[in-house]
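Please take a friendly walk through this structure with me. Keep the sequence and the 3D view open as you read.

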Amino acid sequence: MTPRSAWRVAALMMVGMLLAACDRGHTRVEEGDATGVLHFGNGTEPQSIDPQIATGVPESRILEALFEGLVGKDPATLAPRPAVAESWEVTPDGLTYRFHLRADARWSDGTPLTAEDFRWSWWRALQPALGNEYAYMLFPIRNAEAFLDGKITDFSQVGVRVLDPRTLQVELTAPTPYFLQLVSHASYFPVPRHVVEKFGGTTDRFTAWTRPENIVSNGPFRLAGWKLNRYLRVEKNPLYWDAAHVRLNAIVFYPTENIATEERMYRSGQLHYTSDIPIDKIPGWRQHHPEQTWLNLYLGTYFYALNVAKPGLTDVRVRRALSMAIDRKTLVETVQKGINTPAYAMTPPGTLGYQPPKLFDFDPQQARRLLAEAGYPDGKGMPPLEILYNTHEQHRKIAVALQQMWKKYLNIDVGLVNQEWKVYLDTRKNMDYTIARFSWIGDYVDPNTFLDLWITGGGNNDTGWSNAEYDDLILHRIPAMKTQEERFAGFYRAESILMSEMPVIPIYTYANKHLVSPSVKGMPPNILDYYSFKDIYLEPAR
Amino acid sequence: MARFIWLRLLQAIPVLFVVITVTFFLVRFAPGGPFDQEKAVIPEVKRALEAQYHLDQPLLAQYGSYLRDLLHGDLGPSFKYPGRSVRELIVAGLPATAELGLYALLVAVVLGMAAGIVAALRPNTWRDYLSMSVAMAGICMPTLLLGPLLVLVFGIWLDWLPVSGWGDVPGDKILPSLTLGAAYAAYVARLTRGGMLEVLSQDYIRTARAKGLPERVVIFKHALRGGIIPVVSFLGPAFAGLLSGSFVVETVFQVPGLGRFFVQAAFNRDYTVILGTTIFFAVLIVVFNLLSDVLAAWLNPRVRGALQGGA
């Protein structure tokens, strides 16, 4: 063999490999459209599909296909709608809910689903040994928190009562207008006691009950296959009470950790839906395929927290000056390609009709005046400040932009500190920072999920800020209020205190970003980025 | 020979012990823990979680019980994926990683040796320069760049090959194997060229040619056998490197392999998974190094003789 023929062999091998792959026929999306199978980019490999252990968004998507709570959500309006409970009543004081379960509710193995299943599941959710990170979602229930803390050991003192197999009564500590939203959350989903106990202890995190061959669920779909790091497949559950209205035959969830790869998968027809879009790709998609590019307001806020104990930042005028010197509009339009919305308060606008106060705007002159009043004219004598952020290109770009704005408008030099995610969390928790990037995604649609963070000593309040009137409003006065108007006025007052004291500097309201195939129907956008899989169907373009 | 192998295996024990010990303490001293996240966990729940995973015990006690479990072949449960054991994660990820590594090695050997031979036969001609420039580019270009580039050309523009996946659609194994194999192909090409050039100038090649043997026989029967010894000793570490270094390719092409777990585990502070995969890769590297040493010794008459004499 001459060198030329050695090359030839190598070239032939390559061509052979390519030819083997050439005839690829229809794309996965086209096949899915024809057979009713939704191919769903789901971000990451689910940590767990036990409703009382799982916490992330990818996990909640799968749980919402597999399980169903007492109450569901309308995907367009997010209003509560019947699910396992066909109806419910609330007493006028807003403290007692009575849920009536439908007669044909059952598990996917045919076992009837009763009120006792919910009582037991919620008991399990409140076992500290289980390590349920979402246990706090159940705290509005009377004595739930005391039970988790171990102050009460008798579960019959917790406000969950089975009146008969089809009636569950729940008593709350205080009126909680968003309680039905909580009940529709995955942390309130029932788990099958007869299956959980068969495969291990009740509070055991290492059991095999969620494996495809073992799991029993009660939602519109049931688990059909789960290949680690490859896919998780669910198929229509014929025993679901509303099976007649479930239009998809199956959903395949893919762990798409790399969003650049996910976008390429979408482009080559392997996915109907992507969990995200790389920010550099958005202008192109928006220009050429606006109908497939989803950018919708999301119930989440990106903000900077200030450590109010650090020199300089103890002065509220400095904190306000920093906030007023940020040109949010320019920031969002340039660094963010215009996909997010500038934020001037913690709570995103339009949270079920609540409009947050806007107490300040981009105002460099006023900012300089405040800084001078605080004793730092033209930034002179300002103690050193540093922006702490975790490793991510976008966080870095925003930090650099803010660094420049503070230099330009206030003449302050601010350093940048980049840390790996877990190190950053540690630094933040120990309050070993001056300024830190934060974000918060609401658990339910109500200002409370954004505002109860900042009470004195709150688990997520890593700013050291404390205000007696604010605490009183959030902890006592608002929970006692009867009407939504009153509550919203209370939150407006509380948020006005927060935004004039400025322990946190809101920067923008998130947008959720997805590529969605034109054949996907019945999936209206909403502020929670919630989808009701039973309502989704596929209609290929003709 | 047997004594040589035994000695090498004995040497591996302290190496592995040091790897385990250093990794165990390094991951524990890194700030942040497996249960830290954006939303603070209720203190009672966090305490319960730490108790479940014995993180509440003194570090040395944890180290002792880890070593004890390890001797029984138990790598422990994953922190990040409740209900899954480390052994299960390795077993789930290994087939794809091993297959990918094997194909990549094949790509490396076939392309690399072909290019190396071509270059060595016509040293300092355009063929040599071209092959070696491509090889140099292959070594320099990170997989992080080459992967998406190949995807763009073959997956999106030409639409010949799937852009991601592993065993889902026909042909989806080609691009990941090429991407991962490319850098190693380049090394193999350079090693082959060097080895061949050295051998081709030897007397016995001149003799073979003088005997009037066809060039094909001279190259493939006489020259290649000596020329590829450097390549063979490179193959063991290369395969271990392909297995443990495939995480970028696995991420770019959504290959459900071990590399993705390895890297994610470090970010998640999934202590048991970090340790388990590190130990696993350490064992692989030790074993493959040994294998390639044995193979190279067997191919090289001088070393073979020395070993037999010593035994």
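Leaving aside its neighbours within four places in sequence, which residues is Pro278(A) in contact with? They are Ile259(A), Ala260(A) and Glu263(A), where contact means that the C-beta atoms of two residues, placed from the backbone, lie within 7 Å. This is a predicted model, in which local features need pLDDT of at least 70, side-chain atom pairs count only at pLDDT 80 or more, and totals for chains, interfaces and linings use all residues. Residues are numbered from 1 along each chain as its sequence is written, while chains are lettered from A and ligands numbered from 1 in the order in which they are written.

**Around Pro278(A)**
- Pro278(A) sits in the loop between α8 (259-267) and α9 (282-288) of chain A; helices (H or I, at least four residues) and strands (E, at least two) are DSSP runs, numbered from the N terminus.
- Pro278(A) counts as partly exposed because it has 16 C-beta neighbours inside 10 Å; a residue is buried if 20 or more other C-beta atoms, placed from the backbone, lie within 10 Å of its own, exposed if 12 or fewer, and partly exposed in between.
- Pro278(A) and Ile259(A) are 19 residues apart along the chain, and their C-alpha atoms are separated by 6.2 Å.

**A sheet in chain A**
- Four strands of chain A form an open sheet in the order β4-β5-β7-β6, with antiparallel pairing; two strands pair if DSSP finds at least two bridges between them.
- At the edges are β4 (85-90) and β6 (160-164) of chain A, each of which pairs on one side only.
- From one strand to the next, the twist averages 20°; axes are lines fitted to C-alpha atoms, for helices over the stretch in contact, and angles run from 0 to 180 degrees between N-to-C directions.
- Helix α4 (residues 115-125) of chain A packs on this sheet, where it touches β5, β6 and β7 (167-171) of chain A. The direction of α4(A) makes about 165° with that of β6(A).
- β4(A) and β5 (residues 96-101) of chain A run antiparallel and are joined by 5 bridges. Look for Val90(A), whose bridge partner in β5(A) is Tyr97(A).

**Two partners for β11(A)**
- Strand β11 (residues 293-306) of chain A pairs with β16 (residues 504-515) of chain A in the antiparallel sense, over 10 bridges. Here Tyr304(A) stands opposite Ile505(A).
- β11(A) also pairs with β15 (residues 435-441) of chain A, in the antiparallel sense over 7 bridges. Here Tyr302(A) stands opposite Ser439(A).

**Chain B**
- Chain B has 14 helices and 0 strands.
- Of the 311 residues in chain B, 43% are buried.
- The C-alpha atoms of chain B fill a box of roughly 85 × 60 × 30 Å, taken along the principal axes.
- In helix α2 (residues 43-52) of chain B, the residues Val45(B), Ala48(B) and Leu49(B) are buried. Seen down the axis of α2(B), its buried residues fall within an arc of 100°, so they line one face of the helix; the arc is that of the directions from the helix axis to the C-beta atoms.
- After α2(B) comes His54(B), with a positive phi near 60°.

**Where the chains meet**
- The contact takes 50 residues from chain B and 50 residues from chain A.
- On the side of chain B that touches chain A, α4(B) gives the largest share, 8 residues.
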